[in-house]
Amino acid sequence: MKDSTVKKLKDQLFVARAYFPSVAKIPAQNKLSRELRQNIQELERVLSESTTDADLPPEIQKKSQRMEAAIARAKSIIVDCNNVDKKLRQIFDLTEDEANFHMKQSAFLYQLAVQTMPKSLHCLSMRLTVDYFKDHSFDKDLSEKYSDPTLQHYVIFSKNVIASSVVINSTVMHARDTANQVFHVLTDGQNYYAMKLWFLRNTFKDAVVQVLNIEHINPDYHDEATISHLTLPVEFRVFFHSSDNAPAIPNRTQYISIFSHSHYLLPEIFKNLERVVVLDDDVVVQQDLSVLWTLDMGGKVTGAVQICSVRLGLLQRHLGESNFQQNSCSWMSGLNVIDLVRWRELDISRTYWKLVKQVSMKEGSALLASLLTFQDLIYALDSAWVLSGLGHDYGLNIQEIKKAAVLHYNGNMKPWLELGIPKYKVYWKKFLNQEDQFLSECNVNP
């Protein structure tokens with residue numbers, strides 16, 4: 001058993017604390033009482049400094065033997081069993097309270113680690129920003145490609161330099177023809193110059209990269225709900241209990257990622273474009289995506305992989321009593337083909353903002369507004385296009401990972417975090433230029 005000595009010491013401490021009050025009340029057992037108190041204090045000090053067997057001091061076996069002998073003598077004395085039982089229950093309750101506290105603390109620290117930018121990535125962003133202002137004379141103007149509707153345009157919403165770089169690099173490395181690829185990275189003012197310098201310093205075959213600061217974009221469509229700051233795809237954690245009728249079906253957790261407010265500015269940002277492919281910044285591309293540009297979506301607005309294991313009826317807790325088709329499959333962001341012409345014809349953005357106003361007070365309002373906006377307007381991409389769950393599911397099949405066109409690290413355990421699932425990180429890290437000077441200087445090593 002791992003750390004068996006530490007566990008044994010904790011058990012001894014538990015029992016000694018239970019017997020000590022009863023022994024201390026017996027005048028004839030003052031010597032034993034002092035021994036128990038001394039042993040308890042020694043073990044408390046040791047355990048406060050040691051959490052594993054490797055941390056324990058060399059003389060710990062002797063301390064443990066002395067405690068074991070003191071406990072044996074305490075057990076041989078006739079004491080009031082009710083007092084011992086009462087003390088055991090008190091210690092148990094205190095231990096349970098302490099365990100609950102540590103569970104809550106652990107959950108909080110986990111969420112903090114997930115939501116906080118790692119120090120190394122913050123360093124990278126700052127270094128890139130400073131160097132951009134030192135010399136940005138090599139800025140390239142490729143505006144004619146940025147708005148050419150005959151080219152293949154990919155859009156990425158991101159505040160993360162290395163995440164967006166991996167998405168672009170993996171897409172380019174698997175493309176048959178990179179000369180017609182244009183990537184548009186939409187970011188915020190804080191990360192804009194870092195992104196600019198990174199994509200000026202790094203080339204991706206013949207593809208071009210445009211970095212846009214969403215805070216400088218003023219779309220013609222104005223609404224009180226329209227935001228000027230960048231919002232990233234929203235992830236909802238949905239937990240499903242096994243039903244009484246089907247106890248063999250285990251509990252499961254699903255992370256559903258959907259469009260953010262910023263996605264609904266796309267038709268205004270790219271007025272000259274007719275079709276774009278939107279990639280989340282937590283994906284890795286493993287196959288050529290050019291076939292998506294000739295895909296006939298039959299008048300649908302968005303192509304997305306649907307999750308029919310999560311039908312809208314199962315999301316009623318999030319969706320409330322709204323008018324939706326309960327048997328409809330939910331859908332995911334990650335890889336989305338968007339027909340901007342059809343989007344403009346149906347005025348999808350206006351519909352979305354109207355729904356946001358109507359459901360703004362409900363839990364999961366963003367999920368509700370997006371699902372209702374695109375009801376009956378989703379073209380179902382083949383499920384082989386995207387394999388999701390690499391950010392939370394330890395049980396994915398390795399062969400399925402290798403065959404998928406796109407890997408989606410949806411969930412809390414992103415591949416650039418220390419919390420990332422190690423066996424899935426390899427598929428992400430191989431598209432990161434780890435020899436870059438700035439990555440080395442900022443100790444970026446996901």
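Among contacts in the protein (heavy atoms within 4.5 Å) between residues at least 6 apart in sequence, 75% join residues at least 24 apart. The model is predicted, and local features need pLDDT of at least 70, side-chain atom pairs count only at pLDDT 80 or more, and totals for chains, interfaces and linings use all residues. Residues are numbered from 1 along each chain as its sequence is written, and side-chain values use heavy atoms, with hydrogens and water left out. The secondary structure comprises 16 helices and 13 strands, where helices (H or I, at least four residues) and strands (E, at least two) are DSSP runs numbered from the N terminus. Of the 446 residues, 49% count as buried, a term that denotes under 20% relative accessible area, with exposed meaning over 50% and partly exposed lying in between (1.4 Å probe, protein chains only).

Two packed helices are described by the angle between their axes and the distance between the axes. Here, axes are lines fitted to C-alpha atoms, for helices over the stretch in contact, and angles run from 0 to 180 degrees between N-to-C directions. Helix α1 (residues 4–24) and helix α2 (residues 30–49) cross at roughly 145°, and their axes come within 9 Å. The crossing of α1 with α2 is left-handed, meaning that the near helix is turned anticlockwise from the far one by less than a right angle (clockwise in a right-handed crossing). Residues that make this contact include Leu-9, Leu-13 and Phe-20 of α1 and Leu-36, Ile-40 and Leu-43 of α2. The contact residues of α1 with α2 divide into 12 nonpolar, two polar and four charged; Ala, Val, Leu, Ile, Met, Phe, Trp, Tyr, Cys and Pro count as nonpolar, Asp, Glu, Lys and Arg as charged, and the others, Gly among them, as polar.

Helix α2 also packs against helix α3 (residues 60–76), at an angle of about 140° and with the axes 10 Å apart. This crossing of α2 and α3 is left-handed. Among the residues in contact are Leu-36, Ile-40 and Leu-43 of α2 and Ile-60, Met-67 and Ala-70 of α3. The residues of the α2 contact with α3 comprise nine nonpolar, one polar and six charged.

In a regular strand the side chains alternate between the two faces of the sheet. In strand β3 (residues 208–213), six of six residues are buried. Val-208, Gln-210 and Leu-212 point one way from β3, whereas Val-209, Val-211 and Asn-213 point the other way. Strand β2 (residues 181–187) pairs with β3 in the parallel sense over six bridges; strands pair if DSSP finds at least two bridges between them. Leu-186 stands opposite Leu-212 of β3.

An open sheet of three strands has the order β7-β13-β12, with mixed pairing. Strands β7 (283–285) and β12 (386–388) stand at the edges with a single partner strand each, so one side of each is left without a neighbour in the sheet. Neighbouring strands of this sheet are turned by 15° against each other on average, direction ignored. Strand β7 runs antiparallel to strand β13 (residues 406–408), to which three bridges join it. Val-285 has Val-406 of β13 as its bridge partner.

Val-285 is also reached from helix α7 (residues 161–173), the place of Ser-170. The side chain of Ser-170 reaches the backbone nitrogen of Val-285 at 3.0 Å. Ser-170 counts as buried because its relative accessibility is 0%. Leaving aside neighbours within four places in sequence, Ser-170 is in contact with Val-284, Val-285 and Phe-431.

Notes:
A polar contact is a pair of N or O atoms within 3.5 Å; within protein, one must be able to donate a hydrogen and the other to accept it, and residues adjacent in sequence count only if both atoms are side-chain atoms.
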